[in-house]
Amino acid sequence: MREVPEEVRGTYLAAVVEIADDGLLVPIAESSLLRLGTVHVITAWNPGAARPTTSENEAANRELHRVLVERGYSPVRAVGREPDGTHCEDSWAVVGMSDDDAREIGARFGQDAIFRFADG
């Protein structure tokens with residue numbers, strides 16, 4: 001993954017991440033998934049500086065899902081969004097993935113960042 005400019009990092013750190021839990025999107029801190037172990041959240045939307053169409057982003061995210069399943073993971077729907085709700089990206093949350101694997105998959109899909117959450 002490439003080095004992300006400092007001003008962009010702040011945007012990622014401020015992001016709100018929600019995970020599908022019993023059919024509802026809940027904040028990551030309230031997700032039952034987090035109780036199972038470290039959770040990585042990865043998207044295929046908007047790689048790097050590119051801004052593909054919604055249908056292209058959705059197709060890329062379906063491919064990401066396929067790759068995750070092919071590698072033996074059980075991805076759960078997630079959404080990363082700006083705190084004011086002006087922008088959001090569909091994503092996948094995965095338990096049991098190594099940091100290296102998460103970074104490699106994120107890079108494969110052109111992502112500047114992935115999220116890693118651990119209880120506590």
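Throughout this tour, a residue is called buried under 20% relative accessible area, exposed over 50%, and partly exposed in between, as computed with a 1.4 Å probe on protein chains only. The model is predicted, and therefore local features need pLDDT of at least 70 and side-chain atom pairs count only at pLDDT 80 or more, while totals for chains, interfaces and linings use all residues. Residues are numbered from 1 along each chain as its sequence is written, and side-chain values use heavy atoms, with hydrogens and water left out.

**First stop: aspartate 99 and arginine 116**

Select aspartate 99 and arginine 116, which form a salt bridge whose closest N and O atoms are 2.8 Å apart; the term stands for a side-chain nitrogen of Lys or Arg within 4 Å of a carboxyl oxygen of Asp or Glu. This pair links distant parts of the chain, with aspartate 99 in helix 3 and arginine 116 in strand 6 (residues 115–117), 17 residues apart. Helices (H or I, at least four residues) and strands (E, at least two) are DSSP runs, numbered from the N terminus. Aspartate 99 is partly exposed at 28% relative accessibility, and arginine 116 is partly exposed as well, at 48%.

**Second stop: aspartate 101 and arginine 71**

Next, select aspartate 101 together with arginine 71, where a salt bridge brings the closest N and O atoms to 2.5 Å. Here too the partners come from distant parts of the chain, 30 residues apart: aspartate 101 belongs to helix 3 (residues 99–108), and arginine 71 to the loop between helix 2 and strand 4 (76–81). Is aspartate 101 buried or exposed? Aspartate 101 is buried, with a relative accessible area of 17%, whereas arginine 71 is partly exposed at 34%.

Move on to glutamate 63 and arginine 66, whose side chains meet in a salt bridge with an N to O distance of 2.6 Å. The two are about one helical turn apart because they sit three residues from each other in helix 2 (residues 54–70).

**Last stop: serine 91**

Finally, select serine 91 in strand 5 (residues 88–95), a buried residue with a relative accessible area of 6%.
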